[in-house]
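Reader: Could you walk me through this model, starting with the overall layout and then going into the side-chain pairs?

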Amino acid sequence: MRKLLLLLIIILASLNVTAQTTHAAYCEVVVHNAALFSQKVSAFVDAGTEKRGYIINEDGSKKIFNSPVDILNFFGKLGWSVSQNYFTPDSKEKDNILHFLLTKQVEHDEEVFVGLKIKK
């Protein structure tokens, strides 16, 4: 009787278990100065071949951030975390361009773009 009861408990417990498989999604954010002599910045996003461009506001204008940390806070609220950051030289501007590689765990590919409005 005990073996039967134990078997029944194990079967019922296994019926409620559903495997949620997630995978990592990656996104590169390139930080640009918004205007000459300005501390404000804009973000160019590359989240794959489908989504590539600047983050935009509701009205379609380019979203301007106060600083690179402001950009990271924006993405942090959407579930992204920093995987890597690096600089590349810009010979035209004689400045360095800041890059962030972000990662997010998603179940479906559509979740990657939730909250992101990007204009090509």
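Author: What follows goes from the chain as a whole to its strands, charged pairs, rings and surface.

Author: This is a predicted model, in which local features need pLDDT of at least 70 and side-chain atom pairs count only at pLDDT 80 or more, while totals for chains, interfaces and linings use all residues. Residues are numbered from 1 along each chain as its sequence is written, and side-chain values use heavy atoms, with hydrogens and water left out.

Reader: How many helices and strands are there in the protein chain, and in what order do the elements run?

Author: The protein chain has 2 helices and 6 strands, and from the N terminus on they run α-β-β-β-α-β-β-β. Helices (H or I, at least four residues) and strands (E, at least two) are DSSP runs, numbered from the N terminus.

Reader: What share of the residues counts as buried?

Author: Of the 120 residues in the protein chain, 23% count as buried, where buried means under 20% relative accessible area, exposed over 50% and partly exposed in between, with a 1.4 Å probe and protein chains only.

Reader: Which strands does β3 pair with?

Author: Strand β3 pairs with β2 (residues 41–46) in the antiparallel sense over 3 bridges, and with β6, also antiparallel, over 2 bridges. Two strands pair if DSSP finds at least two bridges between them.

Reader: OK, switching to charges: how many salt bridges does a search of the whole structure find?

Author: The search finds 2 salt bridges, each being a side-chain nitrogen of Lys or Arg within 4 Å of a carboxyl oxygen of Asp or Glu. In one of them, aspartate 46 is joined to arginine 52, with the closest N and O atoms 3.6 Å apart; aspartate 46 is partly exposed at 23% relative accessible area, and arginine 52 is partly exposed at 46%.

Reader: And which residue does lysine 117 meet in a salt bridge?

Author: Lysine 117 meets glutamate 58, at 3.8 Å from N to O. Lysine 117 lies in the loop between β5 (95–106) and β6 (118–119) and glutamate 58 in the loop between β3 (52–55) and α2 (68–77), so the pair ties together parts 59 residues apart in sequence. Glutamate 58 is exposed, with a relative accessible area of 72%, while lysine 117 is partly exposed at 38%.

Reader: Now the rings: how many aromatic pairs does the search find?

Author: It finds 4 aromatic pairs. The rings of phenylalanine 44 and tyrosine 54 have centres 5.3 Å apart and planes at 75 degrees, so this pair is edge-to-face. Rings of Phe, Tyr and Trp (its six-membered ring) pair if their centres lie within 6.5 Å; planes under 30 degrees apart count as stacked, over 60 as edge-to-face and the rest as tilted. Phenylalanine 44 lies in strand β2 and tyrosine 54 in strand β3, so the pair ties together parts 10 residues apart in sequence.

Reader: Which residues do ring pairs link into a cluster?

Author: Phe65, Phe74, Phe75 and Trp80 are linked in that way, and phenylalanine 75 is buried at 1% relative accessibility.
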